[in-house]
Amino acid sequence: MNPQTLVFLGRSGSGKGTQVELIKKMLEPYLYIYTGNLFRTLAKTESFAGKKIKGVIDVGGLPEEWLASFLWQRELIEKFKGGENLIFDGTPRRLHEAEELDEVLSWLERKEGLRAVLVDITEEEAVTRLLKRARIDDSEESIRSRLGWFKTSTEPVIDYYKKSSRLVRIDGMGTVDEIHQRIRKALNPVI
């Protein structure tokens, strides 16, 4: 089977990270690119950029688009060997990033076959789940702020993939296994 390129989208708290962990086991070998971890890793450094990003993360802010692009592009350039499956989580978050990702994947000879998996939940469900999770950078204010960014920044990305028939919308309500089975069915025969 040809190597796959999957982009996982969803509101914070949608459970996409949990689903990605389950999917990764089925798509070895893979290169997993999670922009959130790339930012958190940068924030732990003593560099000027690291300190600046830490300040953005601490207030629940959304880092600069160009920096997100730089981080995932660097990850691809340094680690992509050519034949493995690609799994993106947290990228793209903005329309320009989606277009840029297509351009990069085309250069890497991997544009064909990209599928964007949207794990879809309501905003109120996202708030409820995130407040229960109690991550250090999650306050109700920061959660609502991130969810507002999802509407203004990420929904155009969803439309972009929908218009090109690459969007797979998954109902994100239910148990982890129910959602996983929906994803497997939607991506069949890939996984």
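Predicted model: local features only at pLDDT ≥ 70, side-chain atom pairs only at ≥ 80, totals over all residues.
Mentor: Residues are numbered from 1 along each chain as its sequence is written, and side-chain values use heavy atoms, with hydrogens and water left out.

Trainee: How many residues of strand β3 are buried?

Mentor: Strands are DSSP runs of E with at least two residues, and helices are runs of H or I with at least four, numbered from the N terminus. Buried means under 20% relative accessible area, exposed over 50%, and partly exposed in between, with a 1.4 Å probe and protein chains only. Asn85, Ile87 and Asp89 cover one side, Leu86 and Phe88 the other. Strand β3 (residues 85-89) is largely enclosed by the rest of the structure, because the buried count is five of the five.

Trainee: Which residue of β3 is the bridge partner of threonine 5?

Mentor: Two strands pair if DSSP finds at least two bridges between them. β1 and β3 pair in the parallel sense over four bridges. In β3, the partner of threonine 5 is leucine 86.

Trainee: Is the pair of tyrosine 32 and tyrosine 34 stacked or edge-to-face?

Mentor: Rings of Phe, Tyr and Trp (its six-membered ring) pair if their centres lie within 6.5 Å; planes under 30 degrees apart are stacked, over 60 edge-to-face, and the rest tilted. Here the centres are 6.1 Å apart and the planes are at 25°, so the pair is stacked.

Trainee: Which strand holds phenylalanine 88, the partner of tryptophan 72?

Mentor: Tryptophan 72 and phenylalanine 88 form an edge-to-face pair, 6.4 Å centre to centre with 85° between the planes. Tryptophan 72 lies in helix α4 (residues 65-79), so the pair ties together parts 16 residues apart in sequence; phenylalanine 88 is in strand β3.

Trainee: Which element gives the largest share of the lining of the largest pocket?

Mentor: On a 1 Å grid over the protein atoms alone, a pocket is an open set of points where a 1.4 Å probe fits, with protein on both sides within 12 Å along at least five of seven lines; lining residues have an atom within 4 Å of a point. The largest pocket holds about 710 Å³ of space. Of its 37 lining residues, the closest to the centre are Ser12, Lys16, Tyr34, Arg93 and Arg135. The largest share, five residues, comes from α7.

Key: Points joined across faces, edges and corners; volume = space filled by probe spheres on them.
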